[in-house]
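I opened this model to look up a few side chains and ring pairs. My notes follow in the order I took them.

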Amino acid sequence: MPNLPPAVAVMAKVPGVAVVKTRLHESLGAERATELYRCFLLDRLDALATLRDITGVVAFTPPEAEALMRELAPPALRLAPQRGADLGERLTNILTELLDRGHAGAIAVDSDSPTLPMAHVAEAASVLSGAKCDVVLGPCEDGGYYLVGLRFPQAELFEGIPWSTDAVFALTLDKARARGLSVHILPRWFDVDTEADLRRLYADMPAGTHDPQRTYAFIRQLYEPAIAASSSPLTRGMAAGADGCP
């Protein structure tokens, strides 16, 4: 019987070591895209550290950057290196490891959806610990998912998935149902991969109630000095004028 609370692992790339946000490199440049991701990650880790009745984990890559990841992560969060040749293997390994430790559910959540309400993550932990389902999925608007959670190891769910396509969520859901697994689906949310996503995030900021403060501060640095001057797409020159993640 599991004797530990559900574990929630943020799937993280160590900024400045791993390449991140490649689809934003053309508009932001690699350096500013990395700073933006650093804001995303720090906001997500701080938010996770506030959740009760879970064990927070940072599943990071590359493994050799553990010391740098430890400097970035809140002390309450445990570090676990990602292992595997692709995302499917890495998800299988981290979720299986956490379940084998005796957690009443294991959850992996992305670091690319900065306004994701932590209530969705808490809901996933609750339904798994209460044995109300076998699998939890949090769909993204682009066809992927921002969260996956399991009560028992299910390596087959992550095999043969065309990662980074709009078929990821649907295929995973089909696999789970074909295996007779009960699935709890969380509210749909959006992640930030492109300049259009970034502009949407900026447009939603004034009305947003889920406030990732570092991310919002960084985006204001990018957009607000230039809003009056131009409505054209973000340029490298604009990005270069922004400071790093606060």
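I started with a polar contact of 2.8 Å between the side chains of Ser111 and Tyr37. By polar contact I mean N or O atoms within 3.5 Å; within protein, one must be able to donate a hydrogen and the other to accept it, and residues adjacent in sequence count only if both atoms are side-chain atoms. This is a predicted model, where local features need pLDDT of at least 70, side-chain atom pairs count only at pLDDT 80 or more, and totals for chains, interfaces and linings use all residues. Residues are numbered from 1 along each chain as its sequence is written, and side-chain values use heavy atoms, with hydrogens and water left out.

Where does Ser111 sit? I found Ser111 in the loop between β4 (106-109) and α5 (118-129). Helices (H or I, at least four residues) and strands (E, at least two) are DSSP runs, numbered from the N terminus. Ser111 has 3% relative accessibility, so I noted it as buried (under 20% relative accessible area; exposed is over 50%, partly exposed in between; 1.4 Å probe, protein chains only). A polar atom of the Ser111 side chain also lies 3.0 Å from the backbone oxygen of Met11. Leaving aside neighbours within four places in sequence, the contacts of Ser111 include Val10, Ala12, Phe40 and Arg44 (heavy atoms within 4.5 Å).

Next I turned to Ser113, which is also in the loop between β4 and α5. Ser113 is buried, at a relative accessible area of 0%. Its side chain makes a polar contact of 2.7 Å with the side chain of Asp110. Beyond four places in sequence, Ser113 touches Arg44, Tyr146, Trp189, Phe190 and Asp191.

How many aromatic pairs does the whole structure hold? My search gave 2 (ring centres of Phe, Tyr and Trp, its six-membered ring, within 6.5 Å; planes under 30 degrees apart are stacked, over 60 edge-to-face, the rest tilted). Tyr145 and Trp163 have ring centres 6.5 Å apart and planes at 85°, so they are edge-to-face. Tyr145 is in strand β6 (residues 145-150), and Trp163 is in the loop between β6 and α6 (168-178). Both are buried. Tyr202 and Tyr223 form a tilted pair, 5.1 Å centre to centre with 35° between the planes.

Last, I checked confidence. The average pLDDT (the predictor's confidence in each residue, from 0 to 100) is 91. Over residues 227-242 it is below 50. Where pLDDT is low, the predicted coordinates should not be read in detail.
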